[in-house]
Amino acid sequence: MDRYDLPDAHGHFGPYGGVYVAETLMAALAELNEEYARAKADPAFWQEYHYELKHYVGRPSPIYHAKRLSEKLGGAQIYLKREDLNHTGAHKVNNTIGQALLARRMGKKRVIAETGAGQHGVASATVAARYGMECVVYMGAEDVKRQAPNVYRMKLLGATVVPVESGTKTLKDALNEAMRDWVSNVDNTFYILGTAAGPHPYPMLVRDFQTVIGEESKVQMPEMIGRQPDVVVACVGGGSNAIGMFYPYIDVPGVRIVGVEAGGDGIETGRHAAPLSVGTPGVLHGFKSYLMQDENGQVSGTHSVSAGLDYPGVGPEHSYLKDIGRAEYDAINDDEAMNAFHDLCHLEGIIPALESSHALAWAIKHAPTMDKDKVILVNLSGRGDKDINTVAALSGITL
Amino acid sequence: MSRIAATFARLSGQKALIPYITAGDPHPDLTVELMHGLVDAGADIIELGVPFSDPMADGPVIQRAAERALAHNVSLRDVLKMVAEFRKTNTDTPVVLMGYLNPVVAMGYTEFARAAHAAGVDGVLSVDCPPEESEELATELEAQGIDPIFLLAPTTPEARIVEIARHARGYVYYVSLKGVTGAANLDIADVGRKIARLREHIALPIGVGFGIRDAETARAIAGVADAVVVGSRLVQEIEAATPETARERLTRLVAELKSAIR
């Protein structure tokens, strides 16, 4: 394969990506693209970004060998990239710091964000407080209900949380509403998009801010085991933690790359959030990618126990990696993810996010079929404190 | 000559009224009747909205219209059937489909363009398909004699105006404000200045929409533009009506707007 160098100048990853937005936003996206190009070439920008990641976020995040879990499974060794140990509890902050620094360079005093589980909303509210910016977070009314602790967290951090009552009242509708805000306040507002999706340049810049995950792993794994892992695996909703882990490994031969989508109640039930597994290419939220939709091109409702994976689309680079065969994508059902969640709590003393539990469940499923000297690196993208209400409810417990 | 070009030629300097309704709102059985009602009341061109599950550029009024239509599962193919039905008794009034790209992607550009031509569609405006991404669709449309209609915005820089002028056919649609459809922050003097700037590069008729809420605003916009597009305000009228009164309420308002811009 030629050296992987995407997207092209217009934001395309093969047939995917692009800029599918109303005319009013075109100039703002062009401005962002130009400013990011300047920032990218500016060593001072990256110096400040890495300073913040080290001293504010607590990077590098460690890699942990989950020995008891691996022993129990009796196959491949499972290693965890501990993004759950980041400030704010997930990988999301890697991106919000990068985008907040861009917003500051562009002189924007107001930032907006969409959020599903609330992790990106919290990470946005956090950096807005850190850099002294006004912050408005759009969140589906359904998600506001099921993620109450994160809603309060955002408010503590000084953000305004706007419940979105339109459509399915989940992440996709929050994204619609954030776009509507942006189009109405484009002069003074920076849109901090939370995943490696949306119109160009977002999939590229979110990826670039998340590749710190894979770049660190590429250094840490040889230190720990003398080589790179055999498999890297990450959960995929929009796909930002996954592309952050995958991107530095695309050019590394012999490393199998696996993305795990939300299988919900099971792919066969139709109640899931797995566009790469069973969707078809379409256009939503400013980009072309695999999409869950009906035969008339209306976007389907999704289901996952994990609000952060409950999205009908997926970042365009994942669609491209799927088509060229460099990454493979699989789905893990709600119950499998729940089992993995409990296993990690009991065997390793780590409460994982329900999103990350999907990646973990894939490793738990496949490790027993692999030799003991094989290594699976799981991106543990977030911690599960936010999910204890959901887990308790599913276990029939009232807190 | 296309129906759109013929319409502007016939008006010879008089201003065109372009009402928008969402196909299937409040009920798919009423849409063709409402279209005829619009024409009777003075519509020069009809913009017919294709309902989409995620109308990112629309305000709450048109969002709700799309939800009402989708509650009856109105698809792009259904909308084309409505246009074909309308064409049985009206062969003059241009119909422009306005909506989002994904239903067209799902149908396939080639099949859509052929079916739209067969139904009697004259123009297609995909809100989320700027010229940068439109080449493939525009080629198919033009092969069928259908005009790709493009948006211009207050934020569009000079170089893009020139570029859009190169791609646009039929007329261009100037989005009068930074916001979603039905917003309330229209600045008419500003619109006038922007349109003067647009005319330096664009020979096609210029329609203005977003935020035109009454006869007075319509008259002021008609003073600077070639066509006045009214959407949310009409959809509000449909929303407030019963299925029995929808046509009457809609046509009364359209007639009022028409006399205001004469």
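Which helices of chain A and chain B each supply at least two residues of the lining of the largest pocket? In this predicted model, where local features need pLDDT of at least 70, side-chain atom pairs count only at pLDDT 80 or more, and totals for chains, interfaces and linings use all residues, the answer is α1 of chain A together with α7 (131-143) of chain B. Residues are numbered from 1 along each chain as its sequence is written, chains are lettered from A and ligands numbered from 1 in the order in which they are written, and side-chain values use heavy atoms, with hydrogens and water left out. Helices (H or I, at least four residues) and strands (E, at least two) are DSSP runs, numbered from the N terminus.

About 480 Å³ of space lies in the largest pocket, and of its 23 lining residues A:H10, A:V19, A:M26, B:E132 and B:E133 come closest to the centre. The largest share of this lining, 6 residues, is given by α1(A). By class, the lining comprises 11 nonpolar, 5 polar and 7 charged residues; here Ala, Val, Leu, Ile, Met, Phe, Trp, Tyr, Cys and Pro count as nonpolar, Asp, Glu, Lys and Arg as charged, and the others, Gly among them, as polar. On a 1 Å grid over the protein atoms alone, a pocket is an open set of points with protein on both sides within 12 Å along at least five of seven lines, whereas a cavity is a set where a 1.4 Å probe fits but cannot get out; lining residues have an atom within 4 Å of a point. Grid points are joined across faces, edges and corners, and a volume is the space filled by probe spheres set on the points.

Turning to the interface, 37 residues of chain A are in contact (heavy atoms within 4.5 Å) with 37 residues of chain B. The two chains bury about 2800 Å² between them, 51% of it on carbon and sulfur atoms; buried area is the accessible area (1.4 Å probe) lost when two parts are put together, summed over both. In chain A, A:E23, A:R180 and A:Q298 lose the most area to chain B, together 24% of what that side buries. The interface holds 3 salt bridges, each a side-chain nitrogen of Lys or Arg within 4 Å of a carboxyl oxygen of Asp or Glu. B:K178 pairs in this way with A:D187, with the closest N and O atoms 2.7 Å apart. On the side of chain A that touches chain B, α1 (23-40), α8, β11 (280-284) and β12 (287-291) each supply at least two residues, and α8(A) brings the largest share, 8 residues. That side divides into 14 nonpolar, 15 polar and 8 charged residues.

The largest cavity has a volume of about 340 Å³, and among its 30 lining residues A:H91, A:K92, A:G308, A:L309 and A:E355 are the closest to its centre. Its lining divides into 9 nonpolar, 17 polar and 4 charged residues. The second largest cavity, of about 290 Å³, is lined by 30 residues, of which B:Y20, B:D58, B:I62, B:M98 and B:T181 lie nearest its centre. Here the division is 17 nonpolar, 9 polar and 4 charged.

Most residues other than glycine have a negative phi, and most peptide bonds are trans. A cis peptide bond joins A:R59 and A:P60, with omega about 0 degrees, and A:P60 is found in the loop between α2 (43-57) and β3 (63-65) of chain A. The bond from B:D25 to B:P26 is also cis, with omega near 5 degrees. A:T88, not a glycine, has a positive phi of about 75 degrees.
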